[in-house]
Each structure stands twice: as structure tokens, then as C-alpha cells.
Amino acid sequence: MAWGLGRTVAYEHPELRCTRVDVLADPSAFTQLAGELLADHDDDEVALRPGGRWIARIVSRPLPPPAAFPVRADATYLLTGGLGGLGLEAARWLVQAGARHLVLVGRSGVGSDAQIAAIAGLAEAGAQVVVERADIAEPAELARVLESMHLHLPPLAGIVHAAGVLHDGLVVDQDRERLRSVFAPKVRGAWNLHQATRDLPLEFFVLYSSASSLFGSPGQANYAAANAFVDALAVQRRAAGLPALAIHWGAFADVGLAAARADRGARLAERGMASLDPASSGPLLGRLLAAGELQLGVAAFDPARWLEYHPQIARSGLFARLREQIAETEPNPDLQAALTTATPLERARLCEQFLRDQVAQVLRLSPTQIDHDAPLKHHGVDSLMAIELKNRVHARLGVRLPVVSFLQGTTLRQLGRELGERWTEERLVEAMRDRGDTDEAADEWEVTRL
Ligand SMILES: NC(=O)c1ccc[n+]([C@@H]2O[C@H](COP(=O)([O-])OP(=O)(O)OC[C@H]3O[C@@H](n4cnc5c(N)ncnc54)[C@H](OP(=O)(O)O)[C@@H]3O)[C@@H](O)[C@H]2O)c1
């Protein structure tokens, strides 16, 4: 938990140069620790071990490829926070994958029309859905739910722990109530679930964590700390031979915690954390389970923008690899030069080849496997990949293609033409500005094309 808190302190109090050091309880480690704290370097997360010094780095990588995860019709799946935005999405995915018995747990029970409609949809698809009103932070309430499941339902085979609440505040404003309310579902709830089910033969135990414990999150020290607890629990369970997956979800549009404040999505997007489509969370969960992942973040994250917006952490060692990756994706001068001298036809072809390489990298295919005349979605491009492709095109060519361009049945050939045209228009706008045309004239020209 201290690491989630520390990652947030780094934003709110850069003057403290908050360094997180993991030391063994061994007196000899203290000399090493002192050296670490006095050293002048950017490594802000270090584990000191007799065998060496380990540093933490966040690395960006593609999602594992889509794969089916076996879900059983003769078992029960328990979803805490199961009536929440992402809980219901996980329930939908489970039922689509073949689950027939679900238990959805929340403190308030079914209230909204959306919840009623969602449960009706699950039942229509053939699932038995039991709603339990219980506070999973209370061991006795959880025990009651498990006992009732044991008596009336097939054996428990999997858990998705998606219960959570927000109670934001700066580090200096954290108080007992802020910590208690946020820790209740995440810390006490996750621990209770772990303790109560550790001897059951579960196939999965999923903990919904958040990007806040991965990147740190100003104004959410309590939430980042609570999520760091569930991350650590996943690691500890796996080390003990138990199933575990912790997902640092990025922001989602329109549901639950993220939607509680109207401007939240827009503010985060401006800082480099765009919103994911909630409907993608269920299939993504299946994909991560199938790949046997333990702990990873899934976010529409633009590290360049994030670091630009948060200069106080821009030198943090934690982000060092992301900085290198940003440098690798800086605008491509060779391609820019080739586009400048090319005819419109050649430009479209160059753009098409460039897009093919990007799509191949995102899909982890060879470029020769991409059919230029097939819709990109037939190759498996989904909304999350479309966001990544949009970011790649913008980082390398400075052109913002809309996300839908990658999704609407568009082929590479069409997209190559569109990119070529937009690139040309961007250059025209630049030239108008360089020539001293008024910004308004250039902007007007730009806006009419959007
Ligand atoms: N939405 C996002 O953008 C986002 C991003 C990153 C991570 N996450 C994580 O994803 C999970 C689901 O988020 P969401 O957006 O779906 O939120 P949500 O719609 O608010 O759902 C959370 C649910 O948790 C339940 N809950 C809270 N405390 C509980 C307790 N002590 N016992 C039982 N149930 C409890 C709430 O129901 P009651 O109030 O009725 O108990 C609520 O339905 C959370 O763990 C969150 O941290 C969400």
C-alpha cells in the first residue's frame, strides 16, 4: 500500500523526492538503504536484496492476442461490485462465454433501471442470477453469502472482485473516513475474499485494480494505496500457487466510478488517459485470463502527454522505459521527407505501407499477413487497438485520424488514401501559418476538414 501512496506523493509533493525502497529486515541492509536515499539518481523504486539492486520500470506492450477462456456452465461465479458498471460487463462476458450461475454482490442491491435491464438480459441468455446484498468488508456477511451459495448453487469456480468506492482528496487532506471508506471494499474486502476461499479449487480470482496504483494519481492517494494492496495480494496468491489476476484498468467512459464526475473523463483524456469503452472490459478480461497474466495495466494511455502534463514526475525512473519508447516513436523524418516529395498517388501508397506496419505491430502479425483490401476489423482490430493505432499515427506523422476510421469496415487501402490527404492538408495549414496568414484563416481551414 505504501507504494501506491508513494507513487501519488511523487505528484503532489515532488519537493519530498519520495523514493520507495523495499529492504529486507536485516541490519546490513540499512547501510545500503542510506546509500540509496542519499544517492543522486532518478531511480525512485528500488528493491535491495543480497543478490543485487532491482529497479522498477513501467513498460508498454501489446495486449495478448484474443483467445477463448473456458467458462463452465456447471459452476458458479461470484462478482463483488457485480451490480456496478464494470461488474455487469464482467457478468455479460461470463454468460456469453457459457456461465449459467452468477452471484452479484453489492451493499444496496438492485436499484436502477439499468441494473434491472442488465439482469433481465442475463436471465434471457439462460443464466441464473442471484443478487446478494452484503458488505464484503464484513467477514460475517461474506460468510453468509458463501454459505448460501454452498447450499443452493453449483460449486464456486471463479471470483471477480470489482467492488470499489472513491473518496478523493489530496495527501494532506487524507483522514480516517477517507481511508476507511476506500479501503473497506478494496483492502478488507479483497482480504476477506482471499481468506474465505483460499482452500477452494478456484479457476480464477480476479482483482479489479486501477491505473492509479500503477502510475500514481494526484488527488487519489487513498485509492492508489488501496489498489496497491490488491496488486500485492495477487502477487502473493500466485506465489502461494493460487490463481490471481490484478488488472490496473485505465479510465472507462460512462460507467461507475469514472462517470461520477461529469468532467472527469475529459480532464483525464487531456492529460493522456483517454476513456475505454466499458463493453470492451469483459472480453478483455477473458483475454487476460486466457493468457495467464498476473498483473498488468490496460489503458488508453498516451505517456508523452501524461509526462508533459505532469512534469514533476517526468524524470522518475519508473517512467524511464516509457520515455525511451516515446523517443522511438518521435515523428519519422525519413517518411516525412518521402511524403513531401511524393505525388498524391505515391503518398497514399507510402501511407498505406506505414499503416500496414503499424497494424502488423499492434496485431503482432507479419506485415505480409495483412490484406490491404480487407476491413481492418476482420484482422481483429478492436476499439482499444484503434486508439493505439490513432496514437501511433499521431506520434509519427503528426496527423490525428479519428478512431472510427480504424473500425468502420475501412480497408488499409482506403485508410492510406485518407491519411495521405490529411497529411497534405496538415502541411497546407502549416504553410499558411508560416506564410503569415492569420491563425483564424488557418484554423478555419482546419476546422472545416474535421
Ligand atoms: N470505472 C472506471 O473507470 C474504473 C477505472 C479503473 C478501475 N476501476 C475499478 O473497477 C471496479 C468497478 O468499478 P465501476 O466503475 O464498475 O464502479 P461502480 O459502478 O461504482 O461499481 C462498484 C460497485 O462496488 C459495490 N461496492 C462498494 N463497496 C462495497 C462493499 N463494501 N461490499 C460490496 N459491494 C461494494 C458498489 O455497490 P454498493 O454501493 O451497492 O455496495 C458498486 O456497485 C472498481 O474496483 C474500480 O476501482 C474502475
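How many residues of domain 2 are in contact with how many residues of domain 3?

## Model and domains

This is a predicted model, in which local features need pLDDT of at least 70 and side-chain atom pairs count only at pLDDT 80 or more, while totals for chains, interfaces and linings use all residues. Residues are numbered from 1 along each chain as its sequence is written.

The protein chain is divided into domain 1 (2-55), domain 2 (76-318) and domain 3 (331-449); such bounds come from an automatic or database domain assignment. Seven residues of domain 2 are in contact with six of domain 3, contact meaning that C-beta atoms, placed from the backbone, lie within 7 Å. The domain 2 side has four nonpolar, one polar and two charged residues. Here Ala, Val, Leu, Ile, Met, Phe, Trp, Tyr, Cys and Pro count as nonpolar, Asp, Glu, Lys and Arg as charged, and the others, Gly among them, as polar. The centres of domain 2 and domain 3, taken over C-alpha atoms, are 36 Å apart.

## Helix α3

Helices are DSSP runs (H or I, at least four residues), numbered from the N terminus. Helix α3 covers residues 85-96, and at 1.5 Å a residue its twelve residues should span 16 Å; the end C-alpha atoms are 17 Å apart, which agrees. The expected span is 1.5 Å times one less than the number of residues.

Ten of the twelve residues of α3 are buried, that is, 20 or more other C-beta atoms, placed from the backbone, lie within 10 Å of their own. Among them are W93, L94 and V95. After α3 comes G98, with a positive phi near 120 degrees.

Key
Helices (H or I, at least four residues) and strands (E, at least two) are DSSP runs, numbered from the N terminus. Two residues are in contact if their C-beta atoms, placed from the backbone, lie within 7 Å.
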